[in-house]
Amino acid sequence: MDVTAAAKHGFTVNLSILFGELPLLERPAAAAAAGFTAAELWWPFGTEHNPSQAELDALRKAFGDAGVRLTGLNFLDDLSQGARGTVSVPSEKERFRANVPVAAELAASFGATALNALYGNRIEGVEPAEQDALALENLVLAAEAAHGIGAILLIEALNKAESPDYPLVSAAAAVEVVDKVNAATGLGNAGFLCDLYHLARNGEDLAAVIDTHADRIGHVQIADNPGRNEPGTGELDFEDLFARLSAAGYTGSIGLEYRPSTGVSADSFGWLPRELRAAR
């Protein structure tokens, strides 16, 4: 596989899914040993929206000792409980809002430039319009917090097969929310998290998504489809996709958010020459 088209972007490795066979605090060093200099995380403290200072310091130390930058972080997502974010969930309103300054401060301490706010599942007995109104209120707060640290706010579409209660299951749906947030804040710092695996799993035309929404893309993440494993294990043409992203003007990094097909993360990077793994 020729991935030189992505050389100008550089890569980040999502340490919430890759190197998941290791304890969290050992993953930055493992990523560095594999040649990566930047990483992303889902919310790393489970359902704890306000972790202790000791937990925060331990995470910072692990990254600092490894010489790896954290470039992207989720707000409170409750993924450890099978949830898909807390932004639109009425019962989580206070937890999410309490988490916003915590996550922003943590991101700022790393110099992270992106914060991802997963929208949250539809809740039985709650009108979708009520959830959407709450989501916009919360996303405005999140965008303002991100702006305060010089970061962007990301809005992500997931795939319906794995997240049947998540309402943003197309690029268009996520971009619509991006536009609403930017209109409400006037800051222009909300962007579309273009996860090519989720979009492919939804059956979208990836080339058309890139061409149509290039100006809204704030970050790109990848995994092959089917399987959500490393590139080369499925059907996606990453050579073409990387070239299309470059041609469309995307200059950001590409996040690796896949499960290693063998279960050993260090063995899953053969498709990506070591000299291309460092962030740009």
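Me: Which exposed residues does the face of α7 turned away from its buried side carry?

Reply: That face carries Asp 211 and Thr 212, where exposed means over 50% relative accessible area, buried under 20% and partly exposed in between, with a 1.4 Å probe and protein chains only. Helices here are DSSP runs of H or I with at least four residues, strands are runs of E with at least two, and both are numbered from the N terminus. This is a predicted model, in which local features need pLDDT of at least 70 and side-chain atom pairs count only at pLDDT 80 or more, while totals for chains, interfaces and linings use all residues. Residues are numbered from 1 along each chain as its sequence is written, and side-chain values use heavy atoms, with hydrogens and water left out.

Me: And which residues of α7 are buried?

Reply: In α7, which runs over residues 206–213, the buried ones are Leu 206, Ala 207, Val 209, Ile 210 and His 213. Seen down the helix axis they fall within an arc of 165 degrees, so they line one face of α7; the arc is that of the directions from the helix axis to the C-beta atoms.

Me: What covers them?

Reply: The cover includes the helices α5 (171–185), α6 (196–201) and α8 (238–247), together with the strands β6 (190–195) and β7 (217–222), a contact being heavy atoms within 4.5 Å.

Me: Changing topic, which peptide bond is cis?

Reply: The bond from Asn 225 to Pro 226 is cis, with omega near 0 degrees, and Pro 226 sits in the loop between β7 and α8. Most residues other than glycine have a negative phi, and most peptide bonds are trans.

Me: What about phi at Arg 228?

Reply: Arg 228, which also belongs to the loop between β7 and α8, has a positive phi near 55 degrees without being a glycine. Its relative accessibility is 7%, so Arg 228 counts as buried.

Me: Where is Phe 19 found?

Reply: Phe 19 is in the loop between β1 (11–14) and α1 (27–33). Although Phe 19 is not a glycine, its phi is positive, at about 60 degrees, and the residue is buried with a relative accessible area of 3%.

Me: Stepping back, how many helices and strands does the chain have?

Reply: The protein chain has eight helices and eight strands. Of its 280 residues, 52% are buried, and its C-alpha trace spans about 45 × 45 × 30 Å along the principal axes.
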